[in-house]
Amino acid sequence: MILRSLGLMFVSFAVLAGCSSDPNRMSLMKQALAGKTAIQPDADFVAAQNAGAPGYVAGLQNKKNAYTVFVRQTVNAKGEETWISPDRLSLGMKDGMIIATRGFGNDIYAADVEQTLQALKAGHGAAVTEHFITPLSGSSQVERFAFRCQVTRQSREPVQLSDDYIADTDLFHETCRNGQIDFRNLFWVERGSREIVQSRQWISEETGELALRAIRR
Amino acid sequence: MHIRQLFTNVCSFACCAMAPAFAQDVSLGVPTSSFGTPGLIDMPTGEVFSDGTLKTTTVFHGGTQKYNLSFQISPRIFGAFRYSIIDDYEVTGATRYDRSFDLGYLLAEETALRPSIVVALRDFGGTGLYGSEYVAATKHFMDDRLALTAGIGWGRLGSYGSFDNPLGAVSDVFDTRGDGPSDITEVGRLETDQWFRGDAALFGGLAYQVNKNLSFKLEYSSDAYEAEVTRTGFERKTPINAALSYGFKNGTELSVYALHGSEVGFMANFPINPAKPAYVSGIEEAPPALMPRRTAAALSWGGDLHSKTSPLFAALEAQGITLEGVSVEGATATVRIANGRYPAEAQALGRTARVLANNLPEDVTTFRVENTLNGITTSRITLRRSDLEELEYDLDGSWRTFVRAKIEDAPETEATTVAGVYPKFEWRITPYLEPSLFDPDDPVRADFGIQAAGSITPARGLVFAGAIRQPLIGNLDTSTRPSNSILQHVRSDAPEYAKQSDLEIKYLTAEYFFRPGKNVFGRVTAGYLETMYGGVSSELLWMPAHGSLALGAEINYAKQRDFDQLFGFQDYDVVTGHASVYYDFGGGYLGQVDVGRYLAGDYGATFTLDREFDNGFRVGAFFTLTDVPFDDFGEGSFDKGIRINIPIDWLTGSATKGGYGTTIRPLLRDGGARLDVRNRLYELVRGSRTNELEDRWGKFWR
């Protein structure tokens, strides 16, 4: 909910934008003036939450107090999921791995994570995978990053998902590089179910990493 | 002698510095000269900035101030505009206020063996205060930490340690340099009889990156500072200048330098990369998720689609999109939309497509979306529902959706109108800032105030709009220089408008937009068209849905408004108009030529070249040549300027249409002045045509 703390920018924008019949401009100004007052949670978010959809607690690693909650809104025929937050950020997910983000400022347009996902599910001690990311630049000049990644099992770790549920997980590192950019994703994969219950995943150099932990009710 | 001295210096420094080992990953910027162009201190280098770099450079030393704005127009071409203030420079002892332009070209890029080479003109269209030409070569060493430069200069850059022009071997014309402007009215012309002519001199120097933040520059200057020495008492004790610069992570650089052993100068430069806004992909809300298909029953389908109460209307409205018309026939749905929010039409289109998919029954498989401009249709884009479903999270989804979309002209709507959309009302109260630059008495003047603007659109295509302004504080009305123009004062009385007005009508118009035929758009505007003119303006634009060429014709009757900017008019009126050719060269380069009659009754043409980045940030330059003789035009000789437009969403990251634009003219005079009517068609239509949709198609899935 506080992911978009853009105080100064909004204030300066409000000064420039003034008042208007355009609700878009007005809401920007209200946000600027209201500071950190909570925003009305998004209706789709509330509906999915009330329907008992699975959720994540999420936090941006390079921003202080940038936490929110995501719930799963829908799954398409290809098993690609769309998750949304109360302030209407969204994530495209495939079995716990991020394949898209929207609203973070420097987003992932789409990603192909199939090989890493298979390696995590197989649970071998080490694997080499390819991980493709297309950033969302807004331009037609689409660039795509192809990373070569080392997926290695590090340790066995308990992850507390709720007061009375502790998941027994293997921690994996996915260390990726493409010559210009390096990043390391962390995945805590529950033994047995092979489900990713906690992770820290890289989005972009500017946005940094997003930490996700499954909510167990 | 001086040359040898220089190279001794260069060598001794380079050799000392060669020893220590350095980290490899230092990112090196191209050093900036006190002229805002790639260079050391006063001397240029053979480098260029990275493509698209826009940079302001401010310089102070002794009684001199220089304000530079430079732009890397293309990977090889750079340009700069400069405003300089030099105390005591005039023969009379008065301060000199000077505007100048530079243009440079990268002849060769650096290779393992060869230096990069730049040829450039400095101050080619001003008073010639800094008038010079050069060829400079730069080669990097020591993991690019050390850059050595050597070059040859003419004009001011050939004024110290000079020798006969080697180009004299090619032709005798190079031996003698032209005189330059003899009085103020000759200023502004291209002094081609000076270029690369007269004595030449060598210059050189080095830039050394000490660490990530700190760099050092040393140069041997071929500029004798002749006029400064004679008139301002400047002391030129040595040809050597040296600078120390501190660079910040965002590219800002602060420098202190020693100039010719007698003065200390300060320089600050701020680069902007227009291609990289802070929030590249925007911070607006995520788009609607694409939901699984549902049956008509599950959607409770069958209510009145043509009312503002339909779920489809509400779902689009939540995205900032107004549903103006809709028809569903068999498997095809056609909608007419007004995009009130997204600067990129592709984004409005992508969101509309997903809303349609989520709100129309499963057997509707084709979506046709009509874009509008004040209610009239522009383009129709056909999308298949199955493509949306297939490509939602596809790694190449952007490009694939684009090639599968069919884009065509939409001279008429094929969607049935939703009742109650019209009339539309809009209003806005905003602050405004109106600057006026380069008056020698006060180089920066501005008014700050509040503006109220509103519009009523009673029916498709018809808009009544107005804006009033109330200046609150400012000094635009303090100008004491009456226009000395011998032409009709069509623009040069600008200070009178500021002096004699208080609450003012910025514009008050009735506009009608229409589609006379396929690929053709029309506009008629009547009323108080702009600050200084009222009348009637009419325009036709031919712009196909695909292709790079557009043609326009505009004819206006304009009558000069009273200085109080209320309802009255002055005696002067004129019929003015232009035929225009617009061409999209690709890569973001947009060219425009307007040929016709200007406000003072002069005939001529305006040439404009803009570079527009995919995100809408735009930098351009223009000049106008008319049958007004240069002498009659007055200072500057002809109208010219540069313009910059920064979209709101570039600054804030939020999806909001509009932007902040400014045009910088060295001088605003009466020749080559065009009517400033609002809503010329090309800019309105362009966003929904194929080229522009393609440029911003990356936003379709945003």
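## Where the chains and domains meet

In this predicted model, 44 residues of chain A are in contact with 46 residues of chain B. Looking at the chain A side, helix 1 (residues 7-17) gives the largest share, with 4 residues. Sorted by class, the side of chain A that touches chain B holds 16 nonpolar, 19 polar and 9 charged residues.

Strand 1 (residues 19-20) of chain A runs antiparallel to strand 18 (residues 424-439) of chain B, and 2 bridges join them.

Now let us turn to chain B itself. How is chain B divided into domains? The table lists the parts.

| Domain of chain B | Residues |
|---|---|
| Domain 1 | 2-19 + 32-272 |
| Domain 2 | 311-421 |
| Domain 3 | 424-459 + 461-480 + 490-691 |

Between the C-alpha centres of domain 1 and domain 3 of chain B there are 36 Å. These two domains touch: 14 residues of domain 1 of chain B are in contact with 16 residues of domain 3 of chain B. On the domain 1 side, strand 3 (77-86) and strand 4 (96-108) of chain B each supply at least two residues. Strand 3 of chain B provides the largest share of that side, 3 residues. By class, the side of domain 1 of chain B that touches domain 3 of chain B is made up of 9 nonpolar, 3 polar and 2 charged residues.

Key
Residues numbered from 1 in each chain as written. Chains lettered and ligands numbered in written order. Predicted model: local features only at pLDDT ≥ 70, side-chain atom pairs only at ≥ 80, totals over all residues. Contact = placed C-beta atoms within 7 Å. Nonpolar A, V, L, I, M, F, W, Y, C, P; charged D, E, K, R; others polar. Pairing = 2+ DSSP bridges. Domains from an automatic or database assignment.
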